[in-house]
Amino acid sequence: MKLARIATEDGTITGRYEDGVVHGDDGVYEVGSEGELLAPCEPSALYCVGRNYAATLDQMEYERPDEPDFFIKPPASVLGHRDPIPYPEFTNELTYAGELAAVIDEPCHDVSRDEVSDVVRGYTIMNDVDALDQQGRTARKAFDGSGPLGPWIETALEPSTIDMWTDVAGERRQEANTELMLFGPEEIVSYLSRRFTFQPGDVIAFGSPANPGLLEPGDTVEITYEGVGTLQNTVADSSD
């Protein structure tokens with residue numbers, strides 16, 4: 001089942017998404033004519049794992065980590081499906097990275113691998129937008145609009161062996177399978193839960209395959225994970 005959030009004249013509605021319609025408790029809402037999709041959750045934080053594909057390590061000349069290597073994006077980084085990605089004035093090297101992400105369903109801490117499926121609401125897609133020429137991960141990755149998320153949460157997904165691809169301005173830029181992760185989703189969620197107390201709606205992103213690359217104003221980024229859907233956002237002109 002796909003769970004989505006939509007902004008309507010009646011306020012924010014959460015419900016089941018099917019064929020362009022969100023089914024809420026008190027009615028149905030057509031995406032586009034009756035409202036636009038919002039980010040599918042409201043995280044208190046986005047916990048993001050990097051360097052999780054061997055091909056990415058080779059491309060970026062990183063050393064292979066012995067345990068999941070992570071950083072955090074704040075709630076202000078979140079954008080929804082089709083929201084424009086701002087091109088910040090402080091960078092000349094804005095990049096994309098298509099990532100699968102889990103959404104937490106309940107408060108939890110110190111979760112075993114076997115318990116991960118019990119605390120995860122489902123899976124969505126994140127674009128790890130990065131100002132590559134800035135100093136340090138926080139400056140590079142934690143700015144406003146650096147975490148497009150969506151389009152919805154898929155509750156019925158086995159995340160370990162699914163295909164993904166990223167198209168930028170109609171050109172295929174990334175293509176891989178989640179079986180190539182160095183650390184699997186259950187291992188990552190369990191590992192991070194020993195360090196943080198997760199809240200409902202928190203996001204854990206599992207890293208990007210090789211070929212994250214530069215974006216230009218006007219580029220449309222489409223990130224697809226098989227069984228989830230396609231997250232689409234367009235980079236805004238800096239003047240906007």
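In which helix is the place of serine 190? Serine 190 is found in helix H4, where helices are DSSP runs of H or I with at least four residues, strands are E runs of at least two, and both are numbered from the N terminus. The model is predicted, so local features need pLDDT of at least 70 and side-chain atom pairs count only at pLDDT 80 or more, while totals for chains, interfaces and linings use all residues. Residues are numbered from 1 along each chain as its sequence is written, and side-chain values use heavy atoms, with hydrogens and water left out.

Serine 190 counts as buried, at 6% relative accessibility; buried means under 20% relative accessible area, exposed over 50%, and partly exposed in between, with a 1.4 Å probe and protein chains only. Leaving aside residues up to four places away in sequence, serine 190 touches Val111, Ser112, Arg113 and Val116, contact being defined as heavy atoms within 4.5 Å. Helix H4 spans residues 185-193, and seven of its nine residues are buried, so the helix is largely enclosed by the rest of the structure. Besides Ser190, the buried residues of H4 include Pro185, Ile188, Val189, Tyr191, Leu192 and Ser193. The buried residues of H4 pack against strands S6 (46-50), S7 (69-73) and S16 (203-205), and against helix H2 (116-119).

Aspartate 118 lies in helix H2. This residue is exposed, with a relative accessible area of 54%.

**The four-stranded sheet**

Glutamine 174 also has a place in the description of a sheet, as the bridge partner in S15 of threonine 166. Four strands form this open sheet in the order S15-S14-S17-S18, with antiparallel pairing; two strands pair if DSSP finds at least two bridges between them. Strand S15 (171-177) and strand S18 (229-234) stand at the edges with a single partner strand each, so one side of each is left without a neighbour in the sheet. On average, neighbouring strands of this sheet are turned by 10° against each other, direction ignored; axes are lines fitted to C-alpha atoms, and angles run from 0 to 180 degrees between N-to-C directions.

| Strand pair | Sense | Bridges | Bridge partners |
|---|---|---|---|
| S14 and S17 | antiparallel | five | aspartate 167 and glutamate 222 |
| S14 and S15 | antiparallel | six | threonine 166 and glutamine 174 |

S14 and S15 form a hairpin with two residues between them, and alanine 169 in the turn has a positive phi of about 50°.

**The two domains**

The domain assignment of the chain gives domain 1 (1-38) and domain 2 (41-235), with bounds that come from an automatic or database domain assignment. The C-alpha centres of these domains lie 24 Å apart. Eight residues of domain 1 are in contact with twelve residues of domain 2. Between them the domains bury about 890 Å², 54% of it on carbon and sulfur atoms; buried area is the accessible area (1.4 Å probe) that two parts lose on being put together, summed over both. In domain 1, Lys2, Leu3 and Leu37 lose the most area to domain 2, together 51% of what that side buries.

The count between the domains is two salt bridges, a salt bridge being a side-chain nitrogen of Lys or Arg within 4 Å of a carboxyl oxygen of Asp or Glu. Glutamate 42 forms a salt bridge with arginine 5, and their closest N and O atoms are 3.6 Å apart.
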